Amino acid sequence: MNEITIKATGEADVVSASNGSMNVTIPIKIIRRGRRKAVTLPDGTAVQPRAWDNQPTPMQMALVRGHRWLAILESGKARNLAEVAEMEGMDRAYVSRMMNLTTLAPDIVAAILDESLPDHVTLFDLASGTPLLWDEQRALLCI
């Protein structure tokens with residue numbers, strides 16, 4: 001009989017029954033990271049995702065786009081956001097919002113990349129009206 005029971009607390013335990021079956025208890029914690037869930041073991045280590053599960057999240061893609069578009073501006077390939085938007089076939093307002101992501105605090109960027117932002121933080125929160133000062137960003141996002 002195969003049965004999996006998930007418990008968030010407790011100690012690892014192995015119990016052998018007289019009929020030869022074995023019951024293994026391993027406490028784990030499941031943490032939601034973006035749209036995925038990550039398993040964290042009691043010692044704090046995380047189980048690595050499967051190779052096919054490493055697709056970037058929409059928030060990660062938006063961050064990459066913002067930095068790519070900033071590089072286009074800095075290189076002189078485009079003179080302004082309107083030109084970047086035209087080159088990319090995007091709306092200028094969208095390009096502008098994604099460019100705001102390039103001013104995020106390094107720890108917020110790291111949280112986006114490792115998918116550890118709190119669940120209540122959305123792309124809209126990060127891209128629209130985010131303050132330039134990093135301490136104010138953290139306070140606004142409750143990080």
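# Reading contacts, core and salt bridges in a predicted model

Author: Leaving aside neighbours within four places in sequence, L126 is in contact with M59, L101, L104, I108, I112, L117, V121 and L141. Contact here means heavy atoms within 4.5 Å. This is a predicted model, in which local features need pLDDT of at least 70 and side-chain atom pairs count only at pLDDT 80 or more, while totals for chains, interfaces and linings use all residues. Residues are numbered from 1 along each chain as its sequence is written, and side-chain values use heavy atoms, with hydrogens and water left out.

Reader: Which elements make up the protein chain, and how many helices and strands are there?

Author: Helices (H or I, at least four residues) and strands (E, at least two) are DSSP runs, numbered from the N terminus. The protein chain has 6 helices and 4 strands. Their order from the N terminus is β-β-β-β-α-α-α-α-α-α.

Reader: What share of the contacts in the protein chain with a separation of 6 or more comes from residues 24 or more positions apart?

Author: Such residues account for 42% of those contacts.

Reader: How many of the residues in the protein chain count as buried, as a percentage?

Author: A residue is buried under 20% relative accessible area, exposed over 50%, and partly exposed in between (1.4 Å probe, protein chains only). In the protein chain, which has 143 residues, 25% count as buried.

Reader: Which residues touch the most other members of the largest nonpolar core?

Author: A nonpolar core is a set of buried Ala, Val, Leu, Ile, Met, Phe, Trp, Tyr and Cys residues joined through side-chain atoms within 4.5 Å. The largest one here has 23 residues, and those touching the most other members are W69, L101, L104, I108, I112, L117 and L126. At least two residues of this core come from each of α1, α2, α3 (92-100), α4 and α5 (123-127). Helix α1 gives the most, with 5 residues.

Reader: How many salt bridges are there?

Author: A salt bridge is a side-chain nitrogen of Lys or Arg within 4 Å of a carboxyl oxygen of Asp or Glu. By this rule there are 4. One of them joins the side chains of R68 and E88, at 3.1 Å from N to O. This pair links distant parts of the chain, with R68 in helix α1 (residues 58-75) and E88 in helix α2 (residues 81-88), 20 residues apart.

Reader: Why do R68 and E88 count as partly exposed?

Author: R68 counts as partly exposed because its relative accessibility is 37%. E88 is placed in that class because its value is 26%.

Reader: Is D135 buried or exposed?

Author: D135 is exposed, because its relative accessible area is 59%. By contrast, R138 is partly exposed at 24%, and D107 is partly exposed at 35%.
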